[in-house]
Amino acid sequence: MLLTAACVARQHAPKSPAPVPVPPVLPSGAQPPVALPAREQGGTVRIALDTHAEHVVLSATSYWDLSGDGGAKLLLRSSDAWPISRDGSFLYAAGSGDQAGISHASAITARGATAASIMTVNGRPYRGTVTITSTSRGLLVVNQVPMEAYLRGVVPLEIGHRTSAERAAVLAQAVAARSYAYSHVDAAAQRSYDMVGTVMDQVYGGVKAETPLGDSAVAETAGLVLTYDGHVVSAPYHSTCGGSTAAPSEVWHGGAKVPYLVPVSDRIPGTDRYYCDISPSFRWTRTFSRDALATALQRYLDAYVHVPGGHVGTVKQVKVSARTKSGRVRSLVIRTTRGNYTLTEDQIRFVMRSPSGALLRSTAFTAESTHGSHGVLTQLVLHGRGNGHGVGMCQWGAIGRARAGQDFRTILATYYPGTRLEHVDE
């Protein structure tokens, strides 16, 4: 999601002391706290740090426990580093020293012996516990962590390192990220984890990602979520809308109509500027040579449309055939010597990749083609605006609004119209 494809710099700041919690101020007329399903009331979330790791080494900042699901349990020191390996469906833990290891376990869990203990996974520190299981793809590494601690490792990576003048944007990010997380908790625990720690959900960096401003924003908004019709909303967000946000149906194939996710103009009243035009990706250009375009189509096109024989053919024309209400490309027709192919909504971003594999920044673009002999396309230039899917909160727009003096409630009400700010009942 999410500066989930953001251009905001994701630099890590030193870990700061835990801030003194500031009680959240609820909006006037707020309803009673939102009741959550049983597992959500536990206040924890399960994040997959890696779904197919080949090698994992566990340790901690102080004494810690390592236990297998067969009952074996070890008390270890902070200096102990234990590699975890697998043989089929079985796990093995063996460290240095004279302690016996754990073998033939299907799951191994590591937790600190005290509340102050921090677990480390391959040298990276995380709060909460770490569970490793063996799957057909490798080692599944899951960090179960208190919700508010999880958000401390998310907010700075998603909104970037901001200044005090942009604090309202950080507060808005904390609420949006918390809403997204609660809406993705598997209350029935039917999955092994709730989310992954990447742009596929929310980028999560554990303790190393925490910053003073991010910590205080999480504390100040503790428990606050966005709701609609009594339910916590998913609250998607993106880097830069490029002038207007979009409805899900404009950018996601088969996207449903959602009342609080509608196109929202980011224009600054009385001007020809936009709140998000401070973004480095407000305007962009991507140029495809004949070979680069052919490579992208050959690699990615058949994942979305049928390509007879697996050969795309020589490209003769790329044409925008329809646009959405917010000006994004709804459908793109690619005409080749072997047929016509039509891409729609987010398919366009996933196919029109750069040579390095980077997604197209957005579907808000115009296309210019250059043709050679026999009508063959020799160059395609896309001139675009924005970065990301475009649905929900525009993060650079939130930063621009914060600089203009808007508070986080106003920012959230703008990008998620019709939602309420409420406190979860834990």
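So, one definition before we start: axes here are lines fitted to C-alpha atoms, for helices over the stretch in contact, and angles run from 0 to 180 degrees between N-to-C directions. With that in hand, take α9 and α10: their axes sit 10 Å apart, at an angle of about 140 degrees. The contact is made by G397, A398, R401 and A402 on the α9 side, and by I411, T414 and Y415 on the α10 side. Roughly antiparallel would need an angle over 145, so this pair, α9 and α10, goes down as oblique. And the crossing, where α9 passes α10, is right-handed.

Okay, some context. What you have up there is a predicted model. The protein chain has 426 residues, and 52% of them count as buried. For secondary structure, we get 10 helices and 25 strands. The chain exposes about 18200 Å², with carbon and sulfur atoms supplying 52% of that area.

Back to α9, then. How many of its residues are buried? It's 8 of the 9 in the run 395–403, so the helix is largely enclosed by the rest of the structure. If you want to select them in your viewer, they're Q395, W396, G397, A398, I399, G400, R401 and A402. And what do those buried residues pack against? There are helices, α3 (155–159), α4 (167–184) and α10 (408–415), plus the strands β17 (237–238) and β24 (393–394).

Leaving aside neighbours within four places in sequence, R401 is in contact with S265, D266, Y275, Q406, I411, T414 and Y415.

Now, α10 has another partner to look at, α4. Those two pack with axes 8 Å apart, at an angle of about 55 degrees. So α4 and α10 are oblique to each other as well, and their crossing is right-handed. On the α4 side we have A168, A169, L171, A172 and V175, meeting F408, I411 and L412 in α10. Keep an eye on I411: it meets α4 here, and it also turns up in the contact list of R401.

Let's move to another arginine, R349, which lies in helix α8, residues 347–351. Buried or exposed? At 10% relative accessibility, R349 counts as buried. Not counting residues up to four places away in sequence, R349 touches L359, L360, R361, S362, T363, G388 and H389. From that list, take S362: it's 13 residues along the chain from R349, and the two C-alpha atoms are separated by 6.5 Å. Where does the side chain of R349 go? It reaches the backbone oxygen of L360 at 2.7 Å. The R349 side chain also reaches the backbone oxygen of R361, at 3.4 Å.

Last stop, T211. You'll find it in the loop between β14 (195–196) and α5 (212–220). T211 is buried too, with a relative accessible area of 8%. Its side chain reaches the backbone nitrogen of G214, at 3.0 Å.

Terms used
Residues are numbered from 1 along each chain as its sequence is written. This is a predicted model: local features need pLDDT of at least 70, side-chain atom pairs count only at pLDDT 80 or more; totals for chains, interfaces and linings use all residues. Side-chain values use heavy atoms; hydrogens and water are left out. Helices (H or I, at least four residues) and strands (E, at least two) are DSSP runs, numbered from the N terminus. Buried means under 20% relative accessible area, exposed over 50%, partly exposed in between (1.4 Å probe, protein chains only). Contact means heavy atoms within 4.5 Å. A polar contact is a pair of N or O atoms within 3.5 Å; within protein, one must be able to donate a hydrogen and the other to accept it, and residues adjacent in sequence count only if both atoms are side-chain atoms. Accessible areas come from the Shrake-Rupley method with a 1.4 Å probe; for residues, only the protein chains shown count as cover. Angles under 35 degrees count as roughly parallel, over 145 as roughly antiparallel, 65 to 115 as roughly perpendicular and the rest as oblique. A crossing is left-handed if the near helix is turned anticlockwise from the far one by less than a right angle, and right-handed if clockwise.
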